[in-house]
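Look over the sequence and the structure shown here before reading on. The paragraphs that follow take a few parts of the chain in turn.

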Amino acid sequence: KEIQQTLLPQEIPRLRGFDIAATSVYCDETGGDYFDFFPCEDDHCSRFGIVVGDVTGHGVGAALLMATTRAHIRGLVTKPENLAEALTQVNSLLSSDVRDTGRFISLFFLMIEEGSPTISWVRAGHDPAILFDPATETVEELLGPGMVLGVEDDYFYQQVDKTIQPEGTV
């Protein structure tokens with residue numbers, strides 16, 4: 001449990017125009033809960049990724065699969081041009097690992113570009129993120145298609161784009 005918690009971000013990022021909050025409260029044992037933040041590696045890039053996911057089950061098996069998923073995502077999406085292509089690659093890698101175990105991973109990956117009115121995301125069977133606009137006090141679920149990761153190795157994910165007001169909050 002202690003090692004797994006060190007894999008989660010220790011600081012919440014600050015991104016102009018957005019309020020971002022995250023926490024993970026574990027029960028008695030380890031599990032597959034996962035969230036992460038991905039700043040772009042390019043110095044001139046203002047894109048920022050947020051991932052939330054959950055592996056089926058509890059215990060060491062779920063924790064190991066979460067760590068594997070984290071490693072695949074970190075290896076493939078640090079400079080994402082297309083989130084759907086990146087998650088399609090992650091899914092292919094994970095499917096070969098978990099195909100006969102009955103386990104899978106639900107995931108939501110959001111990409112924000114500071115100063116841009118467009119946000120992009122891919123859903124892989126996870127609950128949608130919630131977009132709150134304080135100017136209009138409206139709440140919207142960020143929906144989209146997508147199967148959980150680790151089930152079909154040749155599944156192709158789809159990216160959804162949305163234009164928002166810069167003062168919106170995710």
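In which loop does Glu-137 lie? The model is a predicted one, and in this model Glu-137 lies in the loop between strands β5 and β6. The phi angle of Glu-137 is near 55°, a positive value in a residue other than glycine. Most residues other than glycine have a negative phi. Is Glu-137 buried or exposed? Its relative accessible area is 65%, and because a residue counts as exposed when this value is over 50%, Glu-137 is exposed.

Strand β5 covers residues 129–133, and strand β6 covers residues 138–142. The two strands run antiparallel and are joined by 5 bridges. Together β5 and β6 form a hairpin, with 4 residues between them.

Strand β5 also has two faces. Ala-129, Leu-131 and Asp-133 are on its covered face, while Ile-130 and Phe-132 are on its uncovered face. Phe-132 has a relative accessibility of 33%. Phe-132 and Asp-19 are 113 residues apart in sequence, but their C-alpha atoms are 9.9 Å apart in space.

Next come two helices. Helix α2 consists of residues 59–76 and helix α3 of residues 83–98. Two packed helices are described by the angle between their axes and the distance between the axes. The axes of α2 and α3 come within 10 Å and cross at roughly 145°. The crossing of α2 past α3 is right-handed. On the α2 side, the contact is made by Leu-65, Thr-68, Thr-69, His-72, Ile-73 and Leu-76. On the α3 side, the residues are Ala-86, Gln-89, Val-90, Leu-93, Leu-94, Asp-97 and Val-98. By type, the residues of this contact are 8 nonpolar, 4 polar and 1 charged.

Which residues of α3 are buried? They are Leu-83, Ala-84, Ala-86, Leu-87, Thr-88, Val-90, Asn-91, Leu-94, Ser-95 and Val-98. What covers the buried residues of α3 includes helix α2 and the strands β3 (105–113) and β4 (118–124).

Terms used. Residues are numbered from 1 along each chain as its sequence is written. This is a predicted model: local features need pLDDT of at least 70, side-chain atom pairs count only at pLDDT 80 or more; totals for chains, interfaces and linings use all residues. Side-chain values use heavy atoms; hydrogens and water are left out. Axes are lines fitted to C-alpha atoms, for helices over the stretch in contact, and angles run from 0 to 180 degrees between N-to-C directions. A crossing is left-handed if the near helix is turned anticlockwise from the far one by less than a right angle, and right-handed if clockwise. Contact means heavy atoms within 4.5 Å. Ala, Val, Leu, Ile, Met, Phe, Trp, Tyr, Cys and Pro count as nonpolar, Asp, Glu, Lys and Arg as charged, and the others, Gly among them, as polar. Buried means under 20% relative accessible area, exposed over 50%, partly exposed in between (1.4 Å probe, protein chains only). Two strands pair if DSSP finds at least two bridges between them.
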